[in-house]
Amino acid sequence: MDRIDAMRAFVAVVTEGSFSKAAITMQLSPQLVSKYVAKLEEQLHTRLLNRTTRKVSVTESGSQYFIHAQQILLSIDDMEAQLGGLQQHPKGTLRISAPVSFALKHMAKLIADFQARYPLVTVDLQLSDRKVDIVEEGFDIALRIGQLESSSLIAKKIAPIRVVLCAAPKYFKAHGTPKRLEDLEAHRYLHYSYMNVETKGQIFKYLKAKQLKDSSVFRSNNGDVLVEAAIEGAGLVLQPTFIASKALNAGKLVIVLPEYEPSPLGLYAVYAHRKLLPHKVRCFIDFMTDYYGAPPYWDEQIVDE
């Protein structure tokens, strides 16, 4: 059995929601698709799908495998596309949705450099922290920050996104510096409205409790405003370093409880599942890959206390 074909069959079943629909997409028989998935489970020694007469659902192991399989297949498709010359002379309008703060701080140079290389591509960049419907709203690509979830869309990881808890020195001078998670109960927390507080990590447990308990806390749907408020001494803020790095490097903000720092999130380029991507989309995704560096340039000079 070809492992790549089996991987494609599994991803197709999860994406389409059934063996029969996956078979149509792959132009194979449902029996062969089922055989591919069964052999894959046998090789991995784990069940990837729960099957009933009415539906197919993904197991916890299957969900994890789906995420990694998508990335592997994407890399293979990218390599084949490059060898096939699909990236020559891209042109047309490229519609991109991106988070407000990230785009304002880190996308202007990216777009300028991209268009210098591909001058026939017109970029229409729309800023929104809302999770747009790519297909319904006519976007080619959406940049999203968070933890990748299984979906019918394809996602390419562009960069890790570090999130830190910090505050201004003058805030600590006035209110003390938290040394333990329990100490957060006595501090002001500046809450980001779109933050997923269900994210794994002990620090989210405490911040969620404060969010629900303290009705007078400062909250906003924009991270830049919260970081500026933190610089002015308004309280503790949990924000990505792509927003806070300048203030951290200048000593205007200081990281606290670094031992409880959440696992990094990811910046993903998300796009609709298509067998052959338009040249302009594939070129932009390839251009973004590794553009920001590893670690990203905004994290290079941060000094952890």
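Mentor: Partly exposed describes a residue whose relative accessible area lies between the buried limit, under 20%, and the exposed limit, over 50%. We shall apply this to a predicted model.

Trainee: Why is E261 called partly exposed?

Mentor: E261 has a relative accessible area of 26%, and because buried means under 20% and exposed means over 50%, a residue with that value falls in between.

Trainee: What makes the contact of E261 with R162 a salt bridge?

Mentor: The N to O distance between the side chains of E261 and R162 is 2.8 Å, and the rule asks for a side-chain nitrogen of Lys or Arg within 4 Å of a carboxyl oxygen of Asp or Glu, so the pair qualifies. The two residues are 99 residues apart and link distant parts of the chain, with E261 in the loop between β11 (254–255) and β12 (265–271) and R162 in the loop between β6 (154–161) and β7 (163–167).

Trainee: Is R162 buried or exposed, and how do you know?

Mentor: R162 counts as buried, because its relative accessibility is 15% and the buried class is set at under 20%.

Trainee: Why is the pair of E137 and R130 called a salt bridge, and how do you know the class of each residue?

Mentor: The closest N and O atoms of E137 and R130 are 3.0 Å apart, which is to be set against the limit of 4 Å. E137 is partly exposed because its relative accessibility is 30%, and R130 is likewise partly exposed because its value is 47%.

Trainee: What makes D183 and R180 a salt bridge?

Mentor: Their closest N and O atoms are 3.4 Å apart, and the cut-off is 4 Å, so this pair also meets the rule. D183 is partly exposed at 22%, and R180 is partly exposed at 49%. By this rule the count comes to eight salt bridges.

Trainee: What lies at the start of α1, and what follows the helix?

Mentor: At the start of α1, a side-chain oxygen of D2 comes within 2.8 Å of the backbone nitrogen of I4, while G17, whose phi is positive and near 90 degrees, follows the helix. Among the buried residues of α1 are M7, F10 and V13.

Terms used:
Residues numbered from 1 in each chain as written. Predicted model: local features only at pLDDT ≥ 70, side-chain atom pairs only at ≥ 80, totals over all residues. Heavy atoms only, no water. Buried < 20%, exposed > 50% of the residue type's maximum accessible area, 1.4 Å probe, protein only. Helix = DSSP H or I, 4+ residues; strand = E, 2+ residues; numbered from the N terminus. Polar contact = N/O pair within 3.5 Å; in protein donor to acceptor, adjacent residues only side chain to side chain.
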